[in-house]
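Below is a note for a colleague who will work from these coordinates. The points are numbered and can be read in any order.

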Amino acid sequence: MSLLTPPSASDDDRSPLRRSASPSPTDDPSAQSGVVPDSPASRGTGTGIRPAPYTSTGHRTWHQPTDRGDPPGRSLSPVRQAAPRPDTRRPLPGAPDTDRPPPRLPSAKSGPASLTPARSDRSDPSGPKDPRSLTSFVSDLRAERPLPYPAPAPSLRRPAGLPPAHTALVCVALPGMAISAEQGQLTGQGLEGFYRAGRRMLSRCQVRVAGREPIAVQARMVAADRARFMGTLRVSADAGPDPDVVVERMRHADGTERITLHSAAPRPLRLPVEVALGTDLAELGAIASGRAGPELPASVHDCGLRWSCPTGHAAVTADPPPTDALASAGLLRWELEVPPGGTRRVELRVRPDGGPVRAVGRGATSPIAQATAAGDDPRVQALLHTCVEDLRALLLRDLAGPSDTYLAAGAPWRCGLAPADALAAARMTLPLGTRLAAGTLRTLARTQLGGRGPRSGMIPGPLRDAGPYLPPGCTGTEATLLFPALLAEAWRWGLPEQEAGELLPVAERCLRWLRSAVGDGPYLPDPQPGGPLRCGTQAHAHRAAVLGADLLDAYGRPGGAELREWARQLRSAFREDFWVEDRGGGRPAAARTPDGRPVPHLGAAAAHLLDTGLLGSGETAPGLLDRVRTEQLARLLGGPAMDSGWGLRTLAAKDAVYNPFSHRGGSVRIHETAIAIAGLAAAGYEKEASSLLRGVLAAAETFGHRLPEMYAGEQRTQGSAPLPHPAACRPAATAAAAGVLVLTALAGIRPDAPAGTVTLRPVRSAPLGGVGFTGLRVAGAPFSVRVSRLGLAMVEEAAGGLQLGA
């Protein structure tokens, strides 16, 4: 099948390891805003550090850890939530999604007045009649007067020596994980060790050959779940300066380590090999907080050693069996005869009680297609391959529905379900098939809040830091709005009619919650109720309404007309209220305060205004901005204040509080960068999209094509490299999915499987030269497409009966 894209007028116009149980609205105070607690090492390791008690006065208190503090919790297993206290000083549920210093209150010079409570009056363009001053706001904080909207969430009790992760080699095949330093020896320091379901099974594995540690010469990842460490030794008296023994260690996330000795000596060698083992059987949250505890005593067990504690057991077995096993020292010893030029191998297997558990992503039925890419730029092939590997490594199975899989948020800190991240990643990976989207939707449908209250229909999610100018936002709001959008687009990409129909009632409840939360006004506060009106939240809400209405109409369900009318009102109000005029042409406001004042700071969240969603016949949904203001936003996102040369900054570099390492105050987050690239390309702003795309590919190359969730927003210069963030997850679901999105955006694939068509809107400027993709999935069948150096797209493989749309 060979189809050439026809010209179009629109082209000239220029888009946990265990899941936490969902809380009951009656038992969980967080249900008041659809929020469930999140922690550690700031952002939900899948294991967590409990936040300090926090009152509703608006204070942020930043604590140093103490040995007498609460033990770290785990978001990997069900958590009982305390009933709400009648006192207004009860702890605010949820923790910020990031570890950051307390935000500076905006001053008259640096930005708008703080988010002060007052009635919003849209009819008066001058704002509230009696706005309170910043001094009044601070006075209320000091007087501990309660605020009428959720106060900023507390910081986490964070040790000064939180183990950095940016230099670690992280092997992932969930529920297994192995974290190593570059020298290869597991010393028990920091995060090093083999993990299973959030518990460290082995923390120390030190190899000595002929009484000496090998000299580390190389460490590299060979796959998402495997790392290879090479070391050398001189054991012969007449070897001179050249090593004659090479020690190779292949470490797997499933708990297997193979130690191979390669001899280059001219005569046989008799080499004593010792492996010192130990473990603390600590939870990852305890390790992150510096409270892992001492090593446990070992006992000889089978062909190795065993450790036990009240909360778990672990064992290491060896093949061949060791000559000696010394439990008191945790030592296994062999005497190996190595012939000239020969090899000998020892294999260690780290197992919890119950034996090995097969990684979800390693099965033959993985929901993620093994797509490949090729083209003039070799980085395209490497990036797509690594992204697919990382996505498969992060797959988890829902215990409540074992046939359903979803993506963990990231390793090492967030090896559990984060609803908004899981939905966003599934949406960006629709070119790899719809099975992941279906599993994610079914998993989150089981968490949807029921009942008849104002939270009915929400998908719970934790609070997340929103940068220096806004209080934390509710990821439950984002997840609730992403659910119907993902379902609608997955249906366009080929999700079977029956599966989409089974999930439609859940999407309807999400949309009813949206209409109920908005009430008579055009805007959705975040968090509910009384929070600020965030720009990104309005974009999510508008997309959910438009795509949801399209889906309801297709299935003959009522409510579509009402949603479209509300979306029209939102567009009209947004264009009036959310645009800040200035000498540079203006910009969208990051938010509006509860009393109606704009927060004028430019950040990456504005990229969501370009992500309007996919309708039928290859058309994109209308956006919140008109044509002129979309062009101005494209210019801003492509300018030097936002484009770092490595990707899109989360806050403009010209801002007074810009910090290149701040999670949402200046770093580059790959998720938002990918949204910007795809949105700019779809809207026809190819110059800006191409610049951001080249920056991401350059950054990916320096990270070995395994993109972290974020890195520093320092400006790119000749010969420089992006600075890693020491707390970033790598791999991360949204980062790996973003790699898929930015590459497939080059082809501009817009399917309409129910109508039997697919439309191509390739990037005409072909910023990476010719590129081709094979093994994608459209309408449930393999799909291959090639884009030439002239920007022309040709379908090479597609489902039978699929026609090329105009």
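How many aromatic pairs does a search of the whole structure find?

1. The search finds four aromatic pairs. Rings of Phe, Tyr and Trp (its six-membered ring) pair if their centres lie within 6.5 Å; planes under 30 degrees apart are stacked, over 60 edge-to-face, and the rest tilted. One of the pairs is Phe574 with Phe578, which is stacked, at 4.5 Å centre to centre and 5 degrees between the planes. Phe574 and Phe578 are both buried, where buried means under 20% relative accessible area, exposed over 50%, and partly exposed in between (1.4 Å probe, protein chains only). Ring pairs also bring Tyr523 into a cluster with Phe574 and Phe578.

2. On provenance, this is a predicted model: local features need pLDDT of at least 70, side-chain atom pairs count only at pLDDT 80 or more, and totals for chains, interfaces and linings use all residues. Residues are numbered from 1 along each chain as its sequence is written, and side-chain values use heavy atoms, with hydrogens and water left out.

3. Another of the aromatic pairs is Phe703 with Tyr711, and this one is tilted, with 5.4 Å centre to centre and 40 degrees between the planes. Phe703 and Tyr711 are each buried.

4. A charge over a ring is found at Trp646: the charged end of Arg716 sits 4.6 Å from the ring centre. The criterion is NZ of Lys or CZ of Arg within 6 Å of the ring centre and within 35 degrees of the ring normal.

5. The backbone has some entries to check. Most residues other than glycine have a negative phi, and most peptide bonds are trans. The peptide bond from Asp526 to Pro527 is cis, with omega near 0 degrees, and Pro527 lies in the loop between helix H8 (497-518) and strand E24 (533-534). Helices (H or I, at least four residues) and strands (E, at least two) are DSSP runs, numbered from the N terminus. Arg730 and Pro731 are also joined by a cis peptide bond, with omega about 10 degrees; Pro731 is in the loop between strand E30 (710-711) and helix H14 (733-744).

6. Which residue in the loop between strands E5 (193-196) and E6 (199-202) is worth a look? Ala197 is placed there, and its phi is positive, about 55 degrees, although Ala197 is not a glycine. Ala779 likewise has a positive phi, near 55 degrees. Ala779 is in the loop between strand E33 (771-778) and strand E34 (781-787) and is partly exposed, with a relative accessible area of 31%.

7. Two packed helices are described by the angle between their axes and the distance between the axes. For H6 (residues 435-445) and H8 the axes come within 11 Å and cross at roughly 35 degrees; axes are lines fitted to C-alpha atoms, for helices over the stretch in contact, and angles run from 0 to 180 degrees between N-to-C directions. The contact (heavy atoms within 4.5 Å) is made by Ala438, Leu441, Arg442 and Ala445 of H6 and by Glu499, Leu503 and Val506 of H8.

8. Thr477 belongs to helix H7 (residues 475-493) and counts as buried because its relative accessibility is 1%. Leaving aside neighbours within four places in sequence, Thr477 is in contact with Met458, Trp513, Leu524, Asp526 and Thr537.
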